[in-house]
Amino acid sequence: MLADPKLEIVLIALPNHLHMEYSIEAMKKGKHVFCEKPVALNLKELKKMYMASEKYNKFLFIHQNRRFDNDFLTIKSILLNTEFNIRQLDSFVVGGRGIPDGWRRERKFGGGMLYDWGVHLLDQINCIIEETNENIKSLYCKFSHTQAFDVDDGVKIILTSSTGKIFNINIDTNTFIDTPRWIAYDENSTTIIKNWDLAGYIATRLNTDFDNSSNILGNGFSKTMTKLSDRSIKHSPLPDNVCGDEMAFYKNICECINGTSTPLVTKQQSIEIMKLIDACFLSDKLDKIIKF
């Protein structure tokens, strides 16, 4: 197949541990490469792939398509809105069916949820960090092994930005309730996006008028945790003018090959994500915060 002169680009959708080997071989044979995520297992592998890309003058496209999802673009537009001063963002992707069978359950093949969903959610957070001209100062990661496989079936990542913002990533394959897709916390508002279909709203505090009849909670009297009365909260719809182009990534590939554009997923972005992946493994192993 790689000997076919009519073939311009190759899709690498193999088990994760084979991405580097076959991507380099394809570029060596004169083909552009469209590689599934994670592009590599670590930063060392990724650097070898980019060296091959430069040596053979071929594109290395990385399938970070989730940055074009409508739910992400919606929460990003809210975070970038100057009316908001988001101090914390929580991202959830959960399910109850466990890790799929086969190689995804084995570490030597690059299985596990960090390589599966983690790489997408880290890319989304990194896109936000980039657009706010910040950087990530620290990371803490903890894996769960509920099903006792040698790979993670759940991941908890806490990222702290240079301005003190906190980004929480929550991934789990053994959750049997619905969780929100996103929650964003501002001093005077809370935004919730409940699902992929963009159900949700922005709740904004109008004043601190407490409804005293609500002061009894499940754990007794507690003014601290009393819910504000309805007249103290304004519910606003999510922005409805945010719509991603699900074909944008693929259009960009064609434009790059035709010489009219550059890759949307840049080399530097890919390196940053792989640094975070490496840091996640190290943080979990040492049970320590990794500082950058």
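Predicted model: local features only at pLDDT ≥ 70, side-chain atom pairs only at ≥ 80, totals over all residues.
Trainee: What makes up the protein chain, in helices and strands?

Mentor: The protein chain has six helices and 14 strands. Its C-alpha atoms fill a box of roughly 75 × 45 × 35 Å along the principal axes. Of its 292 residues, 46% count as buried.

Trainee: Let's take a single residue. Why is His120 called buried?

Mentor: Good place to start! His120 has a relative accessible area of 5%. The label buried applies under 20%, so His120 qualifies with its 5%. You will find His120 in helix α4, residues 113-131.

Trainee: Which residues does His120 touch?

Mentor: Leaving out residues up to four places away in sequence, His120 touches Lys37, His63, Gln64, Asn65 and Arg66.

Trainee: What makes the pair His120 and Gln64 a polar contact?

Mentor: Their side chains are joined at 3.4 Å. The cut-off for such a pair of N or O atoms is within 3.5 Å, so the 3.4 Å between His120 and Gln64 passes.

Trainee: And Tyr140, why is that one called partly exposed?

Mentor: Tyr140 has a relative accessible area of 23%. Buried needs under 20% and exposed needs over 50%, so 23% puts Tyr140 in between. Tyr140 sits in strand β5, residues 136-144.

Trainee: What share of contacts in the whole chain joins residues at least 24 apart?

Mentor: Among contacts between residues at least 6 apart in sequence, 67% join residues at least 24 apart.

Trainee: Back to α4. How do you know that its span agrees with its number of residues?

Mentor: Count it out at 1.5 Å a residue: the 19 residues of α4 should span 27 Å. The end C-alpha atoms are 26 Å apart, which agrees.

Trainee: Where does α4 bend?

Mentor: At Val119, by about 35°. After the helix comes Asn133, whose phi is positive, near 55°.

Trainee: Why is α4 described as largely enclosed?

Mentor: Because 17 of its 19 residues are buried, α4 is largely enclosed by the rest of the structure.

Trainee: What makes β6 and β7 partners?

Mentor: Two strands pair if there are at least two bridges between them. Seven bridges join β6, residues 154-161, to β7, and the two run antiparallel.

Trainee: Which strand pairs with β7 in the parallel sense?

Mentor: That is β4, residues 86-94, over seven bridges. Here Phe92 has Asn170 in β7 as its bridge partner.

Trainee: What makes β9 mostly covered?

Mentor: Four of the five residues of β9, residues 189-193, are buried. Strand β8, residues 182-186, pairs with β9 in the antiparallel sense over four bridges, with Ala184 opposite Thr191. Five bridges join β9 to β10, residues 200-205, also antiparallel. Both counts meet the requirement of at least two bridges.

Trainee: How many residues lie between the strands of each hairpin, β8 with β9 and β9 with β10?

Mentor: There are two between β8 and β9. Six lie between β9 and β10, where Leu198 in the turn has a positive phi of about 70°.

Trainee: Last one: why are β1 and β3 called edge strands?

Mentor: Three strands form an open sheet in the order β1-β2-β3, with parallel pairing. The strands β1 (9-12) and β3 (60-62) are the edges: each pairs on one side only. Neighbouring strands of this sheet are turned by 20° against each other on average, direction ignored. Four bridges pair β1 with β2, and Leu11 stands opposite Phe34 in β2. Helix α1, residues 19-28, lies across β1 and β2, at about 160° to β2.

How values were computed. Residues numbered from 1 in each chain as written. Heavy atoms only, no water. Axes fitted to C-alpha atoms, helices over the stretch in contact; angles between N-to-C directions. Contact = heavy atoms within 4.5 Å. Buried < 20%, exposed > 50% of the residue type's maximum accessible area, 1.4 Å probe, protein only. Polar contact = N/O pair within 3.5 Å; in protein donor to acceptor, adjacent residues only side chain to side chain. Expected span 1.5 Å × (residues − 1). Bend = angle between axes of the 7 residues up to and from the residue.
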